[in-house]
Amino acid sequence: MKSLDRSASRAKPGARKRQSPTAVASRRAGRRTRLSKPAIAEIFRRFEAADPHPKSELEYVNPFTLLVAVVLSAQATDAGVNKATRALFQIADTPEKMVQLGEDGIREFVKTIGLYRNKARNVLELSRQLVANHGGSVPRDRAALEALPGVGRKTANVILNVAFGEPTMAVDTHVFRVANRTGLSSGRTPLEVEEDLLRVVPAEFAIHAHHWLILHGRYVCKARRPECPRCIIRDLCLFEAKTPCAE
């Protein structure tokens, strides 16, 4: 992904650019954001004002069904997952019931979702492990979550945030795009972006921050044609290739 900050490339050879104390302090701290603290705070203040209580668009009834839904959502839309899981969760809303349903039974419910065979296998095995190793409960522990089949760092972050209220940053393609476009991060990997967001997002906004970024990326800051004219943070965003307003 190309950097949006081209100021360095325009500097004359040998010229030493004067930097503000804030910029120097940020560089020394290892921060990759190009937005000031006040700008970052204002971005999330606006997100909160527009949507005070953002929620996951995945449908679930308890931490276990949330876990299953997130595992199924990899490379799939939330709408497609919800369509499949509404019937599934009526039959199996606990690990014990999911184990009883079996892989063939799970597969029948999720066969409309991409990679459904492998996902059905993972759902069954993670259910077995929850019963065997965690008393049928979803653990509130990153390492334990990531040890489950089909669960990576992003999924673990979602569970820790949504089910247990921890201020984690689940970085999907939307969060990655929005963070880099706006200047919240210039991380080249999801982990770098996650670390940047954990460092710069004000504590009072941390619980809901990744949801605001996901929804903003999904409905406004879209990949191919961002809807910049209706963006509530347009004046703060550092994205250079903004979609122009209609004249």
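This briefing covers the salt bridges in this structure. The model is predicted. Side chains of opposite charge can pair when their charged atoms come close. The structure holds 18 salt bridges.

**A link between distant parts of the chain**
- Asp-78 and Arg-218 form a salt bridge, with their closest N and O atoms 3.2 Å apart.
- Asp-78 sits in helix H5 (residues 78-91), while Arg-218 belongs to helix H12 (residues 206-219).
- The two residues are 140 residues apart, so this pair links distant parts of the chain.
- Asp-78 has a relative accessible area of 15%. It counts as buried because this value is under 20%.
- Arg-218 is partly exposed, at 23% relative accessible area.

**A pair within one helix**
- Arg-142 forms a salt bridge with Glu-146, and their closest N and O atoms are 3.6 Å apart.
- Both residues lie in helix H8 (residues 142-146).
- They are four residues apart, which means that about one helical turn separates them.
- Arg-142 is partly exposed, with a relative accessible area of 24%.
- Glu-146 is also partly exposed, at 32%.

**The pair Lys-97 and Asp-93**
- The side chains of Lys-97 and Asp-93 meet in a salt bridge, at 3.2 Å from N to O.
- Lys-97 is partly exposed, with 38% relative accessibility.
- Asp-93 is partly exposed too, with a relative accessible area of 23%.

**A network**
- Salt bridges link Glu-42, Arg-45, Arg-46 and Asp-235 in a network.

Note on methods:
Residues are numbered from 1 along each chain as its sequence is written. This is a predicted model: local features need pLDDT of at least 70, side-chain atom pairs count only at pLDDT 80 or more; totals for chains, interfaces and linings use all residues. Side-chain values use heavy atoms; hydrogens and water are left out. A salt bridge is a side-chain nitrogen of Lys or Arg within 4 Å of a carboxyl oxygen of Asp or Glu. Buried means under 20% relative accessible area, exposed over 50%, partly exposed in between (1.4 Å probe, protein chains only).
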